[in-house]
Amino acid sequence: MKIQWYPGHMTKAIRMIGENVKLVDAVLYLLDARAPNSCVNPDFEKLTEGKPTLYLLNKQDLADPKKTAVWVRQFASDRTSARAVCGTDRSLKAAVVSDLTQLLREKLERNAAKGVRKPLRAMIIGVPNCGKSTVMNTLAGEKRAVTGDKPGVTKGKQWLRLDSGLELLDTPGTLWNAFPDQRVGRHLAYIGSINDDILDLNELALELIGELKTLYPAELAARYGVEVAGTPLEVYEAICRRRGFLVRGGEVDYDRGAKAILDDFRKKRIGAITLEMPEDFS
């Protein structure tokens, strides 16, 4: 299945990010901890090159903690920092302010030496449905940004000033117009960054089962009470029959099965899962 989704508003969003990146001191880059590499938009990389960046691996509660720790180390370098977070965690604000202050320490020291006092400004970017609005609300300490569980909720830019003095520019979740590796498209689809309405959910669920058979066979078997030694299609049909997803005549209801399997994955009912590791895309 070839996956592609790039609605027109994303072109405007990329342009807006490019126009406003010069206004900020740093970038707050949100990634879904279940698929960190797939959430790295190459268009963002070009626009924000050279800006100190704090990577937040969001939704860590849904991901495999050992693998998340590897990803955090992977993203940390001289001009970047990385942290695994849960967007609703109340300690998030202090952690982000501390990390950004450390990243921008030299600039702050230069400003202080000149007697310049002005707030830190950061831009928050990420793919659709990575939790940006939830993180913004947690950082602000109140509900200001519109949140949702579908991609495309944030349509325009929003500035927020925190009581710490930090100013944050929110931006719409944005994909890129071609996936060089279809694994990226699939992983973004699994985590809900691509609109389900344009996807073949039956084929997507079958692909997900195939990956989970390899990565987390015990969790897959435990969730559904089925043997997972067969082909992905055999496992898919066994899950549907076990759950009673049947139509008249006893045939498998693939549509109900696909929706249930994807929903189970997205809500951690199968387990804490990370779909990829750094070496997978080397």
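Two strands are taken to pair if DSSP finds at least two bridges between them, and the strands themselves (E, at least two residues), like the helices (H or I, at least four residues), are DSSP runs numbered from the N terminus. The structure described here is a predicted model, in which local features need pLDDT of at least 70 and side-chain atom pairs count only at pLDDT 80 or more, whereas totals for chains, interfaces and linings use all residues. Residues are numbered from 1 along each chain as its sequence is written, and side-chain values use heavy atoms, with hydrogens and water left out.

Strand β4, which spans residues 121-125, is paired with strand β6 (residues 167-170) in the parallel sense over 4 bridges, and within this pairing Arg-121 has Glu-167 of β6 as its bridge partner.

The strands β5 and β6 form a hairpin with 5 residues between them, and Gly-165 in the turn has a positive phi of about 95 degrees.

Positive phi values also occur in residues other than glycine. Lys-59, with phi near 60 degrees, is found in the loop between β2 (53-58) and α3 and counts as buried at 17% relative accessibility. For Lys-268 phi is near 70 degrees; this residue is found in the segment after α11 and is partly exposed, with a relative accessible area of 38%.

Aromatic contacts were examined next. Rings of Phe, Tyr and Trp (its six-membered ring) pair if their centres lie within 6.5 Å, and planes under 30 degrees apart count as stacked, over 60 as edge-to-face and the rest as tilted. A search of the whole structure finds 7 aromatic pairs. One of these joins Trp-71 and Phe-75, which are stacked, with 5.7 Å from centre to centre and 25 degrees between the planes. Both residues lie in helix α3 (residues 65-75), where they are 4 residues apart, about one turn of the helix. Trp-71 counts as buried at 2% relative accessibility, and Phe-75 likewise counts as buried, at 13%. The rings of Tyr-236 and Tyr-254 have their centres 5.4 Å apart and their planes at 65 degrees, so this pair is edge-to-face. Because Tyr-236 lies in helix α10 (residues 232-243) and Tyr-254 in helix α11 (residues 254-266), the pair ties together parts that are 18 residues apart in sequence. Tyr-236 is buried, with a relative accessible area of 2%, whereas Tyr-254 is partly exposed, with a relative accessible area of 29%. Trp-71 and Phe-75 also belong to one aromatic cluster with Tyr-29, Phe-44 and Tyr-55.

With a disulfide taken as a pair of cysteine sulfur atoms within 2.5 Å, the count comes to 0 disulfides. Cys-86 is in no disulfide, and the nearest cysteine sulfur, that of Cys-130, is 13 Å away; Cys-86 counts as partly exposed at 21% relative accessibility. The sulfur of Cys-130 is 6.7 Å from the closest cysteine sulfur, in Cys-39, which is too far for a bond, and Cys-130 is buried, with a relative accessible area of 1%.

Grid points are joined across faces, edges and corners, and a volume is the space filled by probe spheres set on the points. By this rule there is 1 cavity of 30 Å³ or more, and the largest cavity has a volume of about 40 Å³. The residues that line the largest cavity are Asp-25, Lys-107, Leu-108, Asn-111, Lys-118, Pro-119 and Leu-120. By class, this lining has 3 nonpolar, 1 polar and 3 charged residues, where Ala, Val, Leu, Ile, Met, Phe, Trp, Tyr, Cys and Pro count as nonpolar, Asp, Glu, Lys and Arg as charged, and the others, Gly among them, as polar.

Note on methods:
On a 1 Å grid over the protein atoms alone, a cavity is a set of points where a 1.4 Å probe fits but cannot get out, and a pocket is an open set with protein on both sides within 12 Å along at least five of seven lines; lining residues have an atom within 4 Å of a point. Buried means under 20% relative accessible area, exposed over 50%, partly exposed in between (1.4 Å probe, protein chains only).
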